[in-house]
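Good morning, and thank you for coming.

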Amino acid sequence: VELASLLLDVAGCDPSVTTTFSSCTELHARGLSAAHRAWLTRLVSTRRIVIVPTANALGYARNSRKENGIDPNRDFPYDLLDSDGNGNSNSYTTCMRTIAGRTINELFRTHIFQLSLTYHA
């Protein structure tokens with residue numbers, strides 16, 4: 001949360017313009033020089049930062065890791081075919097059965113991410 005706050009402060013503080021924003025003063029108090037602020041401003045303004053606070057909102061609301069009996073962390077199109085129990089793959093119903101799985105899948109299909117970080121607590 002502290003890093004996100006710092007990035008938002010930097011985005012609102014343009015070091016090339018003399019300003020009285022409290023965020024700029026606070027950044028200077030944290031020891032961030034004008035050169036560091038310029039670098040961070042460029043970093044933030046030339047990238048798209050996507051934050052998903054709760055990927056499995058339904059599971060969070062229900063205090064359960066699973067969504068309707070399915071773990072969203074295992075609901076991705078790795079092995080697209082179901083097995084019939086004898087090792088024969090014959091249907092395409094294995095993946096994307098959870099809201100969380102479909103949401104994250106569409107997020108990654110919509111954006112081309114160069115870097116992705118996940119945090120599990």
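Arg 65 forms a salt bridge with Asp 71, and their closest N and O atoms are 3.0 Å apart; the term requires a side-chain nitrogen of Lys or Arg within 4 Å of a carboxyl oxygen of Asp or Glu. Please note that this is a predicted model, in which local features need pLDDT of at least 70 and side-chain atom pairs pLDDT 80 or more, while totals for chains, interfaces and linings use all residues. Residues are numbered from 1 along each chain as its sequence is written, and side-chain values use heavy atoms, leaving out hydrogens and water.

Arg 65 is exposed, at 51% relative accessible area, whereas Asp 71 is buried, at 13%. Here buried means under 20%, exposed over 50%, and partly exposed in between, with a 1.4 Å probe and protein chains only.

The structure holds two salt bridges. In the other, Glu 106 meets Arg 109, with the closest N and O atoms 3.6 Å apart. Both residues lie in helix H5 (residues 99–110), three residues apart, about one turn of the helix. Helices are DSSP runs of H or I, at least four residues, numbered from the N terminus.

Let us turn to helix H3. Which of its residues are buried? They are Arg 37, Leu 40, Thr 41 and Val 44. These cover an arc of only 105° around the axis, so they share the same side of H3; the arc is taken from the directions from helix axis to C-beta atoms. The face turned away carries the exposed residues Ala 35, Trp 39 and Arg 42.

Terms used. Helices (H or I, at least four residues) and strands (E, at least two) are DSSP runs, numbered from the N terminus.
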